[in-house]
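Let's go through this model together, asking at each step what lies behind the words used for it.

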Amino acid sequence: MKLIRTALLGAATAALVLTTAACSGGGAAPAESGAPAAEKTDLKIGFNPGPYQQMFEEGILPILEDEGYSVESVDFTDGIVVNVAVSTGEIDANIMQHPVYMDFVNAQEGIDNAALVQIPTPRMALFGGKSTSLEDVKDGATVTVPNSPANLYRGLLILRDIGWIDFDDVDDPNTADLSIITSNPKNLDITPIENAQQVPALQDVDYATIQGNFIVAGGLDYNDALALEDQPVQFSNVVTVRADDLESDWALAIKAAYESPEFIEYIESNPQYDGYNLPSWFN
């Protein structure tokens with residue numbers, strides 16, 4: 001069996017999915033909600049830009065194919081839409097997010113997606129744009145951070161770790177914004193922007209704290225990073241499914257494939273994954 005790639009239609013499709021979700025209460029499950037499809041062998045999995053699709057195709061898909069599964073890959077560019085697609089049964093799983101963001105979307109959209117298994121995750125990092133070192137940061141330097149609250153918080157953690165700012169920790173990263181900053185002695189001009197725009201905008205700013213999947217998708221080299229995230233486990237990415245599907249045969253097969261010796265060997269033998277934050281089960 002082979003992988004089939006399907007590109008999701010553009011903004012119009014995304015708008016239609018969101019509109020449909022809103023009209024149905026944001027999280028309407030398929031007609032047979034609560035009953036996982038135990039014998040399902042044809043799967044659809046959604047991805048955002050980044051390394052997770054290649055990791056899946058090369059390290060996980062061969063294992064699933066050996067067990068009789070076929071997988072259609074569906075490309076998304078929006079994190080809300082790809083989660084709603086899981087909740088409505090348009091796709092079976094997505095591989096693109098950490099649990100903090102998943103919980104944020106669940107609450108916003110009134111859906112019940114759940115983490116199936118943690119996966120290797122590239123770290124967020126600080127890159128220089130017009131400025132190229134940490135030592136000569138100028139007063140009023142421009143810094144972009146992701147505009148989603150949880151990832152903005154991760155960016156601020158990096159800036160705090162290198163001593164540029166200080167702030168009070170928050171219990172829920174999904175509530176974070178720039179107002180939590182208590183000290184900014186370098187008068188940094190910190191601007192939240194769309195994740196996908198940070199790499200293209202890097203040439204126009206002094207620094208940027210960029211999410212790992214966009215670092216990879218944008219062709220940046222971790223060797224050029226000025227600082228790496230000390231990634232908390234809650235910001236390590238997961239395979240996401242509907243809560244009702246957690247114990248289905250196909251979901252357990254995906255989980256077992258990620259935790260298999262074959263996948264561990266794949267990760268360890270590919271230098272492109274050096275420096276990734278590895279799951280607790282990885283050994």
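Q: Which element gives the most to the lining of the largest pocket?
A: That is α4, with three residues. The model is a predicted one, in which local features need pLDDT of at least 70 and side-chain atom pairs count only at pLDDT 80 or more, while totals for chains, interfaces and linings use all residues. Residues are numbered from 1 along each chain as its sequence is written, and side-chain values use heavy atoms, with hydrogens and water left out.

Q: What makes a space a pocket, and what volume does the largest pocket have?
A: On a 1 Å grid over the protein atoms alone, a pocket is an open set of points with protein on both sides within 12 Å along at least five of seven lines, whereas a cavity is a set where a 1.4 Å probe fits but cannot get out; lining residues have an atom within 4 Å of a point. Grid points are joined across faces, edges and corners, and a volume is the space filled by probe spheres set on the points. For the largest pocket this volume is about 410 Å³. Its lining has 21 residues, and the closest to the centre are Asn48, Gly79, Tyr101, Glu194 and Asn195. Two or more lining residues come from each of α3 (79-88), β4 (93-97), α4 (99-109) and α7 (212-217); helices (H or I, at least four residues) and strands (E, at least two) are DSSP runs, numbered from the N terminus.

Q: How many cavities of 30 Å³ or more are there by this rule?
A: The count comes to one, and the largest cavity has a volume of about 40 Å³. Among the residues that line this cavity are Tyr52, His98, Arg154 and Asn237.

Q: Why is Tyr69 called buried?
A: Buried means under 20% relative accessible area, exposed over 50%, and partly exposed in between (1.4 Å probe, protein chains only). Tyr69 has 9% relative accessibility, so it counts as buried. Tyr69 sits in the loop between α2 (52-66) and β3 (70-75). Its C-alpha atom is 8.2 Å from that of Trp250, though the two are 181 residues apart along the chain.

Q: Why is Gly140 given another label, partly exposed?
A: Its relative accessible area is 30%, so Gly140 is partly exposed. The residue is in the loop between β6 (125-128) and β7 (142-146). Leaving out residues up to four places away in sequence, Gly140 touches Lys186, Asn187 and Asp189, where touching, or contact, means heavy atoms within 4.5 Å.

Q: What makes a group of residues a nonpolar core, and which members of the largest one touch the most others?
A: A nonpolar core is a set of buried Ala, Val, Leu, Ile, Met, Phe, Trp, Tyr and Cys residues joined through side-chain atoms within 4.5 Å. The largest has 33 residues, of which Phe56, Leu64, Ile95, Val239, Ile254 and Tyr258 touch the most other members. To this core α2 gives the most, with seven residues. Another core, of 24 residues, lies apart from it and includes Val100, Tyr153, Leu159 and Tyr207.

Q: How do you know what confidence the predictor has in this chain?
A: From pLDDT, the predictor's confidence in each residue, from 0 to 100. The protein chain averages 88, and 87% of the residues score at least 70. Over residues 1-33, however, the pLDDT is below 50.
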